[in-house]
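I opened a new notebook page for this one. Here is what I looked up, in the order I went.

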Amino acid sequence: WSGNYYQRGIDWEREIHIEYYENTNNEGFRQTAGLRTHGGNGRRFPQKALRIYAREEYYDKEFDYQIFSNKPISKYKRLVLRPFFASWTEAGIEDYITNNLASQLQINSIATKPVVLYLNGEYWGIYFLQERIDENYLEANFSVDKDSLQTSWDGKGNFSGVSNYIEANDLSETQHYNAIKDLIDIDNFIDYQLFGIFIANPDWPANNIKYWRSSTSGSKWQWIFFDGDASLSNIEFDGFEQALSTLPEGERLGTNSRATMLLRKLLENEEFETI
């Protein structure tokens, strides 16, 4: 718990040379870039998660290549190398599977693909190359101005006004439910909640939660799925109970009454319950 791999910020970014090749045609990119360690508790494992930064001071401000075939985006500012061993089981593929499933729903999700990583010519194992969720990701995926964005990462950010309204009002009443519908994308929220329940994720919804909106008129809060490493591992796990927990913070992994408040209060509304 004391290694330098726990350090964060640009002071701990290191200059690297990265080369990326497709295994079918050797197309890809190569350039100088910045590198940092990435993630939370996984930093203590030997196979580190890594974050890669394109910057003009290194070479170019973007990685200019269409890395993911399921998205038309061809320029990236940041990328993540997620290790196989970030998984909570030895299967190693839960995050890859759940992100690909989420991409078929009305949920914001990230593109991901398996790669083999070599560091200084040494084989370092199977990784998953992914988009990095930040303002650049939102700008590239949804054509919004990143300077207009309001974000809430892990419950911290601009969502507090909405949370306070939800906590203070009875959402079973039509006027308050309509007020919330004007603020959040209901269809996105429903798919997001159902998906978290379906994949039996014990590390959610108090953890690994991100949502955003643009400050432009009419924009509503939308949720982004990410980090499915703990999912699909326990056939007896009750995802519905997890999503509706009324336990206080710290009594159960991944959930608490504050994190589940929005879904619980929305379910008091007949229209929402029967959608």
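Predicted model: local features only at pLDDT ≥ 70, side-chain atom pairs only at ≥ 80, totals over all residues.

**Rings and a buried glutamine**

I began with a charge over a ring: Lys48 lies over the face of Tyr5, 3.6 Å from the ring centre. For that I need NZ of Lys or CZ of Arg within 6 Å of the ring centre and within 35 degrees of the ring normal. Residues are numbered from 1 along each chain as its sequence is written, and side-chain values use heavy atoms, without hydrogens and water.

Next I looked up Gln130, which sits in strand E8 (residues 122–131); strands are DSSP runs of at least two residues, helices (H or I) of at least four, numbered from the N terminus. Gln130 is buried at 3% relative accessible area (buried is under 20%, exposed over 50%, partly exposed in between, with a 1.4 Å probe and protein chains only). Beyond four places in sequence, its contacts (heavy atoms within 4.5 Å) include Phe68, Asp95 and Thr112.

Then I turned to ring pairs. I pair rings of Phe, Tyr and Trp (its six-membered ring) if their centres lie within 6.5 Å; planes under 30 degrees apart are stacked, over 60 edge-to-face, the rest tilted. I get 20 aromatic pairs. Tyr118 and Tyr123 have centres 5.7 Å apart and planes at 65 degrees, so they are edge-to-face. Tyr118 is exposed at 52%, and Tyr123 is partly exposed at 48%.
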